[in-house]
Amino acid sequence: MERMVARDRFVGIVSGHMGAGKSYYFKFLTSLPENKGPCVFTLSKDRVIAKYFGKKFDGWPKEDCSQGRLLAIFNEMVSQERIYADELFRIDVERAILASGAEKVLLDMSMRDREKHQEPFVAMVRKTEHMLRLIATEHATKQGLLPPDPAPSIHLRVAFLFCNFETIRKRMAARWPHIPKDELPAPVIMTMSDFQIPTAYPF
C-alpha cells in the first residue's frame, strides 16, 4: 500500500523589546521572494492589537499600525487585555496552519516572559503539531493510504533582538519628536526589563 507524504511546517519568530528593530527586520524578511505566496503566513503583534483593540479604544476599526497609534492603544490596555491579545495571536497562528494550510509562518512578537509568552506559545505549537499529525493520519485513511512516516513536524525558531538605551533614544526621537530625548516611553522600559532567558526552547 502506498504511503502518504506529509510536509513539515516552519514557524519563525522575530522577537525583542520595543525599539530593538524587530519590526524593521520582520519587514525585510517578509519582503523576500521566498517568503511570499499562498503557503506563507505572516503576522505581527502590532497588527493583532490594532485589529482587535483599536476600535475599542479610539473608534477606528482599520488596521492602522502606525507607531503613535499603537503606543496609544497599548497604554490604554490593562494587563488582562494584553494577555488576551497574546491568546488571539496564538489562535491566528494555529488557524493559519490547521485551517489555511500555511507551511511557513513568520511572526513579529515580543516573547519576553516565560510564563506569559514563551511557554504558552510552545504549548500551542505542540498542540498544533499533534493536531496536524492526527489530521494527516485521517486523510491517509480516507484516501486508502498508509499514514505518513515520518509524521509531519513543526520546527520553531525564535530570534531575539536587543539594543542599548542610547540606540533606543535615537530611534524614539526619530519616531516621536515630542518625547524628550532623555526619556523613554514606559512600554519600552517594561519590554526590556521584563525579558527572561527562555527555557521552553533553545536560546
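Colleague: How many residues line the second largest pocket, and which lie nearest its centre?

Modeller: The second largest pocket has a lining of 13 residues, and those nearest its centre are Ala6, Arg9, Leu132, Ala136 and His139. Please keep in mind as we talk that this is a predicted model.

Colleague: How do I find empty space in a model to begin with?

Modeller: The general idea is that a probe the size of a water molecule, rolled over the atoms, shows where empty space is left. In this structure, the second largest pocket holds about 270 Å³ of space.

Colleague: Which element gives the most to the lining of that second largest pocket?

Modeller: Helix H5 does, with four residues. Helix H4 (79-98) and H5 each supply at least two residues of this lining.

Colleague: And how do the residues of that lining divide by class?

Modeller: Nine are nonpolar, two are polar and two are charged. When you sort them yourself, remember that Tyr and Cys count as nonpolar here, while Gly counts as polar.

Colleague: Which residues should I display to see the largest cavity?

Modeller: Ten residues line the largest cavity, and Val158, Phe160, Phe195, Pro198 and Tyr201 lie nearest its centre. Strand E4 (residues 154-161) provides the largest share of that lining, three residues. By class, eight of the lining residues are nonpolar, two are polar and none is charged.

Colleague: What does the side chain of serine 153 make a polar contact with?

Modeller: Its partner is the side chain of arginine 133, at 3.0 Å. Leaving aside residues up to four places away in sequence, serine 153 touches Asp8, Arg9, Glu129 and Arg133. Arg9 is also among the residues nearest the centre of the second largest pocket.

Colleague: Where is threonine 30 found, and what does its side chain reach?

Modeller: Threonine 30 belongs to helix H1 (residues 22-31). The side chain of threonine 30 reaches the backbone oxygen of lysine 27 at 3.2 Å. Threonine 30 is buried because its relative accessible area is 16%, the cut-off being under 20%. Beyond residues up to four places away in sequence, threonine 30 touches Asn35, Lys36, Thr42 and Leu106.

Colleague: How far apart are methionine 172 and methionine 18 in sequence and in space?

Modeller: They are 154 residues apart in sequence and 9.7 Å apart in space, C-alpha to C-alpha. Methionine 172 lies in helix H6 (residues 165-175), and with a relative accessible area of 2% methionine 172 is buried.

Colleague: To finish, what pattern does the whole chain follow along the sequence?

Modeller: The pattern reads β-α-β-α-α-α-β-α-β-α-α, and the secondary structure comes to seven helices and four strands. Of the 203 residues, 40% count as buried. Among contacts in the chain with a separation of 6 or more, 73% join residues 24 or more positions apart. The accessible surface is about 11600 Å², with 55% belonging to carbon and sulfur atoms.

Terms used:
Residues numbered from 1 in each chain as written. Predicted model: local features only at pLDDT ≥ 70, side-chain atom pairs only at ≥ 80, totals over all residues. Heavy atoms only, no water. 1 Å grid on protein atoms, 1.4 Å probe; cavity = no way out; pocket = protein on both sides within 12 Å on 5 of 7 lines; lining within 4 Å. Polar contact = N/O pair within 3.5 Å; in protein donor to acceptor, adjacent residues only side chain to side chain. Contact = heavy atoms within 4.5 Å. Points joined across faces, edges and corners; volume = space filled by probe spheres on them. Buried < 20%, exposed > 50% of the residue type's maximum accessible area, 1.4 Å probe, protein only. Areas by Shrake-Rupley, 256 points an atom, 1.4 Å probe, with all protein chains shown as cover.
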